[in-house]
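Reader: I am new to this structure. Please show me how to read it, feature by feature.

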Amino acid sequence: MNKVQKIAITGNDEDQRLDRWLKKRFSYLKQSHIEKICRKGDIRIDGKKAKPSTRIEAGQIVRVPPFIEKPDNNFSKNLRPISKEDKIMLQESVIYKDEHLLVINKPSGIPVQGGTGQPRHIDGLSTVLKFGYEEKPRLVHRLDKDTSGILLMARTGKAAKHLTAAFRHRETRKVYWAAVAGAPTVKTGTINYGLVKMPGHGPNGAGEKMICVHPDDVKETANAKRATTDYAIIENAGQRVSWLIMVPITGRTHQLRAHISELGHPIIGDGKYGTNRQINEGDGWGAQLGGEISRKLHLHSKSLSFMHPFTNEVVSFSAPLPEHMIKTWDFLDWNVNMEIDDPFKKDGLRDVTFN
């Protein structure tokens with residue numbers, strides 16, 4: 001772009017930060033450059049200087065100065081053409097779409113957003129999910145890289161605003177299926193440990209590994225946040241492995257993985273929170289079963305329920321298990337097609353709270 005533009009904000013773009021709107025329209029812009037041109041007054045909204053954090057509204061006119069049209073070399077290196085295989089994979093993962101939202105069954109092993117060494121991710125691939133719209137769908141929540149299942153995306157700015165708020169205010173209901181090592185003594189319970197990120201880097205701190213904190217110590221622990229998870233055992237194979245339903249009441253990083261590991265029952269395939277061993281060393285099981293059981297993470301976002309932001313009807317979506325979990329369920333003779341309601345919507349099932 002080599003000349004000044006004046007761009008009208010439409011209803012689909014309202015109520016988002018100016019810097020995020022600029023990055024969507026001019027994807028090669030860096031945050032540092034946006035902050036610089038805002039400080040200089042080169043970016044103006046209705047003729048007035050604006051900060052990167054300023055929220056834009058429908059009907060406003062944004063003055064955008066000339067940018068260098070060619071992206072920098074680092075950005076070019078991070079761009080990869082979307083393969084035919086990825087296009088088919090992602091489009092076939094779509095469970096539902098309407099004019100406002102889109103739901104996919106995220107495959108295991110693909111991060112939701114990019115990062116260091118992660119050029120292939122859902123956010124980048126989602127340009128194949130426009131389905132006639134000018135802009136790609138927007139993320140409104142996240143799943144871990146190795147977690148599969150329901151991922152909700154917004155097709156417009158208005159939908160993104162409403163759906164993001166629904167997650168922030170805990171107006172969504174997420175139900176996960178997991179295979180965990182061992183068998184929790186209590187069949188139905190609530191885990192209330194707080195979570196704090198492990199300090200430092202390297203094998204023990206890399207990847208935002210979280211540490212559980214007793215609820216009584218959360219206030220006194222720097223950067224710790226309260227977290228709550230409900231769980232219930234559906235089936236178990238002796239004392240070696242169990243099928244759990246897990247419902248996160250809060251939405252913290254690695255919450256389910258850290259919480260259930262704290263009880264000594266890490267999710268199968270989760271070496272970060274359960275080690276890659278198979279045996280119980282006295283303080284909890286390892287996270288592998290060996291034999292025919294895949295070493296991949298056995299955690300799946302099975303269903304998501306929420307009020308549709310425009311129809312005001314409660315909608316619910318369910319995603320089939322990934323192939324490696326189907327094989328594990330078959331090996332253990334668990335019924336992968338079993339219809340299971342959210343057990344915590346019923347009264348009287350919660351036996352104990354873990355603090």
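**Reading the strands**

Author: Start with strand 6, which is covered on both faces: Leu101, Val103 and Asn105 on one side, and Leu102, Ile104 and Lys106 on the other, are all buried. Buried means under 20% relative accessible area, exposed means over 50%, and partly exposed lies in between (1.4 Å probe, protein chains only). This is a predicted model: local features need pLDDT of at least 70, side-chain atom pairs count only at pLDDT 80 or more, and totals for chains, interfaces and linings use all residues. Residues are numbered from 1 along each chain as its sequence is written, and side-chain values use heavy atoms, with hydrogens and water left out.

Reader: Why do the residues fall on two sides?

Author: In a regular strand, side chains alternate between the two faces of the sheet. In strand 6 (residues 101-106), six of the six residues are buried, so the strand is largely enclosed by the rest of the structure. Helices (H or I, at least four residues) and strands (E, at least two) are DSSP runs, numbered from the N terminus.

Reader: Which strands pair with strand 6 in the antiparallel sense?

Author: The general idea comes first. Strands of a sheet pair through backbone hydrogen bonds, either parallel or antiparallel. Here two strands count as paired if DSSP finds at least two bridges between them. Strand 5 (residues 94-97) pairs with strand 6 in the antiparallel sense over three bridges. These two strands form a hairpin, with three residues between them. Val94 has Ile104 as its bridge partner in strand 6. Strand 8 (residues 148-154) also pairs with strand 6 in the antiparallel sense, over six bridges. There, Leu101 stands opposite Ala154.

Reader: What is the strand order in the open sheet of four strands?

Author: The order is 1-4-2-3, with antiparallel pairing. Strand 1 (5-8) and strand 3 (48-49) stand at the edges with a single partner strand each, so one side of each has no neighbour in the sheet. Strand 1 pairs with strand 4 (residues 61-64) over four bridges, in the antiparallel sense. Lys6 stands opposite Arg63 in strand 4.

Reader: Which helix packs on this sheet?

Author: Helix 1 (residues 18-25) does, touching strand 1, strand 2 (44-45) and strand 4. Contact means heavy atoms within 4.5 Å. The direction of helix 1 makes about 65 degrees with that of strand 4. For such angles, axes are lines fitted to C-alpha atoms, for helices over the stretch in contact, and the angles run from 0 to 180 degrees between N-to-C directions.

Reader: Where is Leu304, and is it buried or exposed?

Author: Leu304 is in strand 15. It is buried, at 1% relative accessibility. Leu304 and Val103 are 201 residues apart along the chain, yet their C-alpha atoms are separated by 9.7 Å.

Reader: What does a positive phi tell me?

Author: Most residues other than glycine have a negative phi, and most peptide bonds are trans. Asn223 has a positive phi of about 70 degrees although it is not a glycine. Asn223 lies in the loop between strand 12 (210-213) and strand 13 (229-237). It is exposed, with a relative accessible area of 71%. Arg170 also has a positive phi, near 60 degrees. Arg170 lies in the loop between helix 6 (157-168) and strand 9.

Reader: How many helices and strands are in the chain?

Author: The chain has nine helices and 17 strands. Of its 355 residues, 45% are buried. Among contacts with a separation of 6 or more, 66% join residues 24 or more positions apart.
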